[in-house]
Amino acid sequence: MAQNSREIGKSYDPTPLEDKWYERWLESGAFHSEPDDQRKPFSVVIPPPNVTGSLHMGHALNNTLQDISCRYKRMAGYNVMWLPGTDHAGIATQNVVERKLHEEGKTRHDLGRDAFVQRIWQWKEEYGSRIINQLKKLGASCDWERERFTMDEGLSKAVRAVFVRLYKEGLIYKGKYIINWCPRCHTALSDLEVEHDPKKGKLYYVLYPFADNSEGGVVVATTRPETILGDVAIAVHPRDEKNSVYIGKKVMVPLCDRVIPIIEDNMVDPEFGTGLVKITPAHDPNDFLVGQRHNLPQIQVIDENGRMNEQAGNYFMGLDRFEARDKITEMLKDKGLLVDVIEYEHSVGHCYRCGTVIEPYLSEQWFVKTKPLAEEGIRAVKEGKIEIIPEQWENTYFQWMENIRDWCISRQLWWGHRIPAWTCNDCGHVTVSEEDPSCCEKCRSKNIQQDEDVLDTWFSSALWPFSTLGWPEETKDLQYYYPTSLLITGFDILFFWVARMIMMGLKFMRDVPFEQVYIHALVRDEHGQKMSKSKGNVIDPLEIINVYGADALRMTLAALTVQGRDIYLSKERIETYRHFLNKIWNAARFALMNTSDFDGIREEDLNLRNHDKWIKVRLWKVVESVTNYLEGYHYGEAARLLYDFVWSDLCDWYLEMAKPALKGDEGDLRKKTSQKVLLDVFKDVLKLLHPFIPFVTEELWHAFDFSNQFIERESWPKPSVYGEGDQDVEEKMSTLQDVIRDIRNLRAEARLAPQKKVSECYLLIQDAQNRQFIKDNEDMVKMLTKVENILFLDQDSSKPKRALASVSDYGEAFLAVDGVINIEEEIKRLEKERKSIMEAIKKSENKLSNEKFTANAPADVVEKERRKLKENEEKLRKIETNLERLR
């Protein structure tokens with residue numbers, strides 16, 4: 001094995017090796033899966049990124065976590081199928097191509113629908129694979145032979161089949177409804193596609209005079225005076241004692257001659273404004289429901305372009321809605337009907353694509369009745385058929401599903417799945433069909449016209465787990481891989497996508513779409529701010545990969561992941577994990593150089609010292625913990641444990657202790673033993689690290705020549721059992737490490753140069769077994785502390801003078817410094833430091849005894865001061881001990 005190993009370069013350069021290995025993985029079909037009844041499947045569908053998209057940190061985190069699980073499961077023996085693909089992203093893609101047309105001085109209407117859609121397909125062919133290539137750069141081990149697109153032929157067939165079935169069961173209907181309308185994109189938006197931001201606006205208090213010409217009237221508060229022209233009632237809460245006297249009266253709508261009633265309805269918040277609310281059913285979703293309950297008319301005064309229409313009257317017709325607001329406010333003021341205007345912060349909905357303020361708009365749209373579907377989705381999670389991780393997201397899921405509104409699925413776009421409904425121009429019947437009909441199914445007239453709208457992008461995405469596996473056909477893939485094993489996604493699409501997949505999977509497959517859902521948090525900047533171009537705090541994953549490599553980015557994101565907590569990312573943190581990769585590279589290079597002549601040794605011939613046993617025991621425990629962490633999706637805990645094990649246990653301790661044996665200083669048998677242990681440890685460490693940092697581990701695996709196949713085709717390490725006499729190796733090693741650390745700390749206190757030798761160190765060790773163990777490993781203590789002689793003291797021995805001292809659980813260490821440093825100068829330095837620390841202690845004590853400070857200062861500031869006092873008291877204790885010894 002080791003004799004066929006090869007040397008690696010002095011420095012780690014990620015770019016060439018990452019490109020090389022990904023190409024080899026693809027060429028060999030390493031990530032491809034086929035149904036195999038002899039093996040257990042582990043199937044995952046990628047949350048399909050928008051075809052217009054470019055890799056951002058959210059994608060990088062999401063796909064890194066998916067890749068870790070997929071690579072781990074392959075090594076654990078599962079038949080892993082990770083299905084990739086992209087989403088057609090209706091509004092986003094149409095906007096991109098419309099902007100390109102605008103540069104040519106054209107609009108989509110100049111081209112016509114068919115030519116415009118063809119133009120988008122051309123754009124998709126040219127640019128649509130960009131994000132897929134970026135995912136490959138990250139190292140995503142997707143089964144690229146299975147790549148799908150939400151508008152490919154198979155998925156389009158599935159979309160039509162679902163629409164037709166839901167329609168025939170009465171779960172899809174067409175009706176007038178208040179929808180979220182974007183006047184810029186000219187399309188309906190679902191509630192989830194509206195982004196709500198707090199905005200400073202105004203609250204207008206308007207007088208509505210009584211209709212019977214009696215004096216006075218009622219004052220109503222509104223944020224939207226432009227919709228007054230569409231008012232059809234004033235509402236009061238039934239239990240509002242102050243305003244209930246007005247119920248049944250009639251008032252005049254300001255600026256027009258309409259008489260409207262004052263009604264009672266539970267929707268009204270008595271605390272808002274005056275407790276009287278204007279009802280405009282055509283321009284507010286809550287008012288729409290009130291209007292339905294009370295059979296009120298619907299007067300629409302704003303059109304699809306966000307301009308006032310003929311219903312608003314000639315004076316306002318054609319004005320932009322915000323211009324009309326100013327004009328109406330001015331007229332109300334002139335007529336003495338504007339009672340007051342106050343500053344008011346409220347939530348304003350914006351289009352998630354273009355940022356335009358949303359207009360609640362009365363329109364005829366297609367809807368899915370979601371209540372019956374949601375009930376099944378709630379039951380599936382409550383019965384444990386789907387596990388949501390972390391569990392905290394379950395309540396959010398239930399809350400949304402229990403209060404779900406019908407889903408508006410039609411969009412006024414040209415790009416997307418066109419609604420498969422044809423209206424007969426002769427008899428008015430609507431034919432809904434999976435195949436394009438040639439005539440009306442009712443009167444057989446050929447004079448039929450397909451609905452102009454397309455389906456919401458999320459409609460096709462909701463079918464993703466089963467449509468991508470061949471549904472509505474009964475395929476082998478569908479039988480074997482469905483339900484999928486795991487979905488990893490961000491919390492922001494828990495309702496957009498996850499809930500809808502659950503509803504559709506249960507409806508059409510009669511089974512859940514996935515068994516577990518892992519919800520990851522946001523990636524923020526180092527200060528906890530959301531990344532945005534406007535703030536200038538965006539960290540581009542592609543730039544990071546170009547500078548530091550994909551492995552460094554992956555390891556950083558994994559190590560910073562904690563279930564339910566956002567990630568605070570900075571380039572400095574990425575540099576930390578880039579240094580970790582350098583550490584692994586250098587350690588592997590050292591191991592390769594020192595095992596190149598290894599020709600094998602039988603297990604029974606091994607001559608193991610305690611540190612050899614210790615590194616094996618530590619590795620077994622790490623294998624067990626990392627396995628458990630990955631099974632429970634504790635990615636961060638697994639990554640941080642591996643980081644600590646490699647950096648500290650392997651590199652800082654074991655490699656240093658193994659050097660004499662590897663050089664041959666302890667004899668041939670010890671050399672072969674150390675070589676064998678080192679190779680065994682590296683073999684398992686590379687396997688454990690592979691899901692996190694696949695590129696560098698693959699490179700090192702083949703440099704060591706552990707096998708001629710990819711690591712993923714190797715089996716995941718299994719923890720071994722303790723050997724006889726191994727139970728206390730960790731305890732012994734801990735004592736040895738404490739001794740070495742104490743002596744190193746004493747050297748640091750004496751400010752000795754790292755390579756400067758010290759002639760003597762005295763150890764007083766209480767326990768006889770510990771003392772004997774340290775004597776047996778005296779060579780390690782000398783080598784790692786640069787001390788020439790270790791002298792062991794008995795309980796009755798007098799403690800050495802002119803020596804720095806340290807007290808620990810095992811006993812005491814004394815570093816003889818006479819002749820090594822200038823004792824008198826050191827005493828002066830320590831006395832000066834003692835005075836400074838005593839002043840700091842006094843200052844802290846005064847602060848902490850001051851009740852004003854402890855009562856009024858933030859808790860973390862008080863706690864910090866307490867820690868500072870404790871640390872300084874410990875420093876003072878050490879200084880006084882050392883002053884006593886030196887004198």
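**A pocket, a helix pair and a serine**

Okay, let's start with strand 7, which gives the most to the lining of the second largest pocket, with 7 residues. Before going on: this is a predicted model, where local features need pLDDT of at least 70, side-chain atom pairs count only at pLDDT 80 or more, and totals for chains, interfaces and linings use all residues. Residues are numbered from 1 along each chain as its sequence is written, and side-chain values use heavy atoms, leaving out hydrogens and water.

A pocket here is an open set of points on a 1 Å grid over the protein atoms alone, where a 1.4 Å probe fits, with protein on both sides within 12 Å along at least five of seven lines; lining residues have an atom within 4 Å of a point. Strands are DSSP runs of E, at least two residues, and helices are runs of H or I, at least four, numbered from the N terminus.

So who lines this pocket? There are 42 residues, and Thr 223, Arg 224, Asp 284, His 346 and Ser 347 lie nearest the centre. Elements giving two or more residues include strand 8 (217–222), helix 8 (285–294) and strand 13 (338–351).

Next, Ser 485, which sits in strand 22 (residues 484–490). Is Ser 485 buried or exposed? Buried, with a relative accessible area of 10%; buried means under 20%, exposed over 50%, partly exposed in between, using a 1.4 Å probe and protein chains only. Leaving aside neighbours within four places in sequence, Ser 485 is in contact (heavy atoms within 4.5 Å) with Pro 41, Phe 42, Ser 43, Glu 515 and Gln 516.

Last, the helices: Met 555, Ala 558 and Ala 559 in helix 17 meet residues of helix 20, among them Tyr 635 and Tyr 643.
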